[in-house]
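Hello,

Here is the structure we talked about. Please open it alongside these notes.

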Amino acid sequence: MGSQGGLLKTNFNLFSLMSFMGLSSDCLLCGCSVHFNQSLQRPNEKHPNKSASVLNKKICDSCHAHLPESKQTCFVCGLPSTTKSIPCGACLKNSPPYDKTISAFHYQQPISDFITQYKYAGKLELLPIMTDYLINAIEKSLKLEHSIKTQMPELLIPIPLHFKKRNKRGFNQSRLIANVLSKHFGIPVSGNDITRTRQTLTQASLDVTQRKKNLKNAFEIKETLPERVAIIDDIVTTGATVSELAALALEHGAKHIEIWSLARAYSI
Ligand SMILES: [Zn+2]
Ligand SMILES: [Zn+2]
């Protein structure tokens, strides 16, 4: 891996990232300015008349190349798949209660560190980097499906946190992601009518069966939903949380449900 600068050469760690935060003229991940400036001048290859991707404004080419972007995945569940146009075998066999998953990243380093720091240490400055990639993935997906007239969701539903957890953390990480997407795409975010009615154990400590049991009746929806909605989560692991909320959304009027997440874990 002959990286010129960027993540590998700088032996990236989160503290070096933080030290470079706020230097808007440099790459937000490694601090290099040379590659960043090159990125700014790099034309959009497919659409030369359009400006370069929003991603290029914040991250240099080398750092960009080393982020674990989600690729070659089943469009329904978001797990690796060789079939692009049809659901993977698991989805064909046991269809989940949602239609599509778009994740910006595979949940691995350094993204797993970014999300941990964002969520548990309140490093909110990491959010725009990751949401830029998610916006990019959503727009890419829309372009792919242009021929079948994809319609955007009419409502964004961030996975609700129990109010005690939200108060302790100070924010709902999924709601902040939804707010960024809302602003970019002009889609409203659901309000207080969709809640987590009881505190659940942290999913990470449970196996697949326990996760499903843990979430049973954890959510409540007190409104009629539009037909097309997107559920917003930071990380989709087994899919148990989004499935529970999606199944409930189907009972409340939703007909086409997408899952939009920063990262998708490929194996648990
Ligand atoms: Zn960089
Ligand atoms: Zn699948």
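This is a predicted model.

Zinc site

Four cysteines hold the zinc ion (ligand 2). The donors are the SG atoms of Cys74, Cys77, Cys88 and Cys91, at 2.3 Å. In sequence these donor residues follow the spacing C-x2-C-x10-C-x2-C. What is the geometry of the site of the zinc ion (ligand 2)? It is tetrahedral, with angles of 105 to 114° among the four donor atoms. For reference, the ideal angle for four tetrahedral donors is 109.5 degrees.

Cysteine 88 has 12% relative accessibility, so it counts as buried, the cut-off being under 20%. Cysteine 91 has a relative accessible area of 7%, so it is buried too.

How many disulfides are there? The count is zero, taking a disulfide as a pair of cysteine sulfur atoms within 2.5 Å.

Helix H9

H9 runs over residues 173-185 and has 13 residues. From its first C-alpha to its last it reaches 19 Å. That is close to the 18 Å expected at 1.5 Å a residue.

Look at both ends. After H9 comes glycine 186, with a positive phi near 70°.

Which residues of H9 are buried? They are Gln173, Ser174, Ile177, Ala178, Leu181, Ser182 and Phe185. The elements that cover them include four labelled by range here: helix H6 (111-120), helix H7 (127-144), strand E2 (155-158) and helix H8 (163-169). Strands E5 and E6 (256-264) are also among the covering elements.

Arginine 228

Strand E5 spans residues 228-236, and arginine 228 is placed in it. Is arginine 228 buried or exposed? At 16% relative accessibility it counts as buried, because that value is under 20%. Its side chain makes a polar contact with the side chain of histidine 256, at 3.4 Å.

Best wishes

Notes: Residues are numbered from 1 along each chain as its sequence is written. Chains are lettered from A and ligands numbered from 1 in the order in which they are written. This is a predicted model: local features need pLDDT of at least 70, side-chain atom pairs count only at pLDDT 80 or more; totals for chains, interfaces and linings use all residues. Side-chain values use heavy atoms; hydrogens and water are left out. Donors are N, O and S atoms within 2.8 Å of the metal (3.2 Å for Na, K and Ca); water is not among the atoms, so sites may look incomplete. Four donors count as tetrahedral if all angles lie between 85 and 135 degrees; four count as square planar and six as octahedral if opposite donors are over 155 degrees apart and all others between 65 and 115; anything else is irregular. Buried means under 20% relative accessible area, exposed over 50%, partly exposed in between (1.4 Å probe, protein chains only). Helices (H or I, at least four residues) and strands (E, at least two) are DSSP runs, numbered from the N terminus. A polar contact is a pair of N or O atoms within 3.5 Å; within protein, one must be able to donate a hydrogen and the other to accept it, and residues adjacent in sequence count only if both atoms are side-chain atoms. The expected span of a helix is 1.5 Å times one less than its number of residues. Contact means heavy atoms within 4.5 Å.
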